[in-house]
Number of protein chains: 2
Amino acid sequence: MTHGDDAPIASRDNPRFKRLRRLVEDASAYRREGLVWIEGDHLLRALLARGERPHVVVLTPQAEPLWHEIRAAAGLGADAVPLWRLTPALMGALSQLASPAALAALWPLPPAAVPEPEAPTVVLDRLQDPGNVGSILRSAAAFGFRQVLALRGTAALWSPKVLRAGMGAHFGLHLSEGLAADDLAALRVPLLATSSHQGEWLHRARLPWPCAWLFGHEGQGVQTALLARATRTLRIAQPGGEESLNVAAAAAICLHASAASRSATD
Amino acid sequence: MTHGDDAPIASRDNPRFKRLRRLVEDASAYRREGLVWIEGDHLLRALLARGERPHVVVLTPQAEPLWHEIRAAAGLGADAVPLWRLTPALMGALSQLASPAALAALWPLPPAAVPEPEAPTVVLDRLQDPGNVGSILRSAAAFGFRQVLALRGTAALWSPKVLRAGMGAHFGLHLSEGLAADDLAALRVPLLATSSHQGEWLHRARLPWPCAWLFGHEGQGVQTALLARATRTLRIAQPGGEESLNVAAAAAICLHASAASRSATD
């Protein structure tokens, strides 16, 4: 009996490794490959908890017991998912983390969600920072927003960095990206925007539900043509003065305010 | 007349360059050097707007007109701050940004603030992510919190990454780091903590002012010994279900709720 098939990939010239590397290093490679890089046991558990099954699991030999624990907990058989074994050195070379994960997966990119006109929605207008985008996806999921529409120029939603910051929120949301501003015309819910210098005070406003919140580029904010479509403009009270808020912080405040308004009318 | 003194540093072996490199690459080097790396014209303007003066300005020859515009706007004479000129290649080697800044400064690390017992306060318990820490400093400044106390194990507050994410909030706050949990005993304001599964609903609570908010480690939350000292525990309503929030998002919601409670009683 030979264990030859179980020997981990150890060469950087291995075609599987090269393919993984492209997926990890190029934030939008998933669009061409149709596969998403899911790094770490937290994301992988979140994926399995939704009843999803990865295309392949990528792991070091040392991480095999962990994988078998995770897949058994999710009700998957030992051979339900093919394994690609990598040496710890190659696995580390794939990671952008200081402490690389020993376990990852490739998962087929889900088809883009068709925007639902009446769903509670978050619109992202050219947000640049993957950490901000991931944080907003987490807040959207926590506060009951069901779909996220990303306009062209926003960081790639399924990139490794956005996935990491999203902590699994991706799997519970309907995501659609690469949209044009005109695509928002299909929304049948009030469109809410924030302003630093005008509008109703957010903490005194009674907010509509469902609604769509609009968040914009870290430096430039929401583009003017889009702001003009907003049904209402809300203002976050900042008694500290002129300081600006991080966009993900502002989004958390707005999405929570919607959830709080909603529970007040329940 | 010679322009020899104006020739930019072009060698990686130059002692000034090596010193800058240590400051930029080692997140806590500022503690040994007593100097903080202030990268980019936004942070530099924010520093000058507070009446502060850098120790030295580091720039490419191409950025000199920009510097003279900034220092003139701040009322500083042409020779008020010594200039260290670097070639664009060396300046780029110092930056961790995709688009390196052409302008930076060294600023003497301000003395650690002595904790004020009655100031509106944010306590950071071993937060790891520089982006989260910077975002919380921005929210603290925007919502009228005056001091930030970081317990040992929290990301270095004056590191380049935290400064970048803080967008200038550092300069308006009293910051103290490396504290032990027992140092919080000196606080004379109510200590508020969040919980995902118990406590009063934040959006229905009337919050005390001044107060101190406690935010903990991204994975582990606030340490148990510290939680036991909290005067009140608040809970953020999350109708989306079990999803967790990013700690900087949760902090933004809590600090905004304090500001809103305060303005409701004005």
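**View 1. An open sheet of four strands in chain A.** In this predicted model, four strands of chain A form an open sheet in the order E1-E4-E2-E3, with mixed pairing; strands are DSSP runs of E with at least two residues, numbered from the N terminus, and two of them pair if DSSP finds at least two bridges between them. Strand E1 (35–39) and strand E3 (83–85) of chain A are the edge strands, each pairing on one side only. On average, neighbouring strands of this sheet are turned by 25° against each other, direction ignored, the axes being lines fitted to C-alpha atoms.

**View 2. Strands E2 and E4 of chain A.** Strand E2 (residues 56–59) of chain A runs antiparallel to E4(A), and four bridges join them. A:Val56 stands opposite A:Leu106 in E4(A).

**View 3. An aromatic pair in chain A.** Over all chains the structure holds ten aromatic pairs, that is, rings of Phe, Tyr and Trp (its six-membered ring) with centres within 6.5 Å, counted as stacked if the planes are under 30 degrees apart, edge-to-face if over 60 and tilted for the rest. A:Trp107 and A:Phe171 form an edge-to-face pair, 5.4 Å centre to centre with 85° between the planes. Because A:Trp107 lies in strand E4 and A:Phe171 in the loop between helix H7 and strand E7 of chain A, the pair ties together parts that are 64 residues apart in sequence.

**Notes.** Residues are numbered from 1 along each chain as its sequence is written, and chains are lettered from A in the order in which they are written. Local features need pLDDT of at least 70, side-chain atom pairs count only at pLDDT 80 or more, and side-chain values use heavy atoms, leaving out hydrogens and water.

Terms used. Axes are lines fitted to C-alpha atoms, for helices over the stretch in contact, and angles run from 0 to 180 degrees between N-to-C directions.
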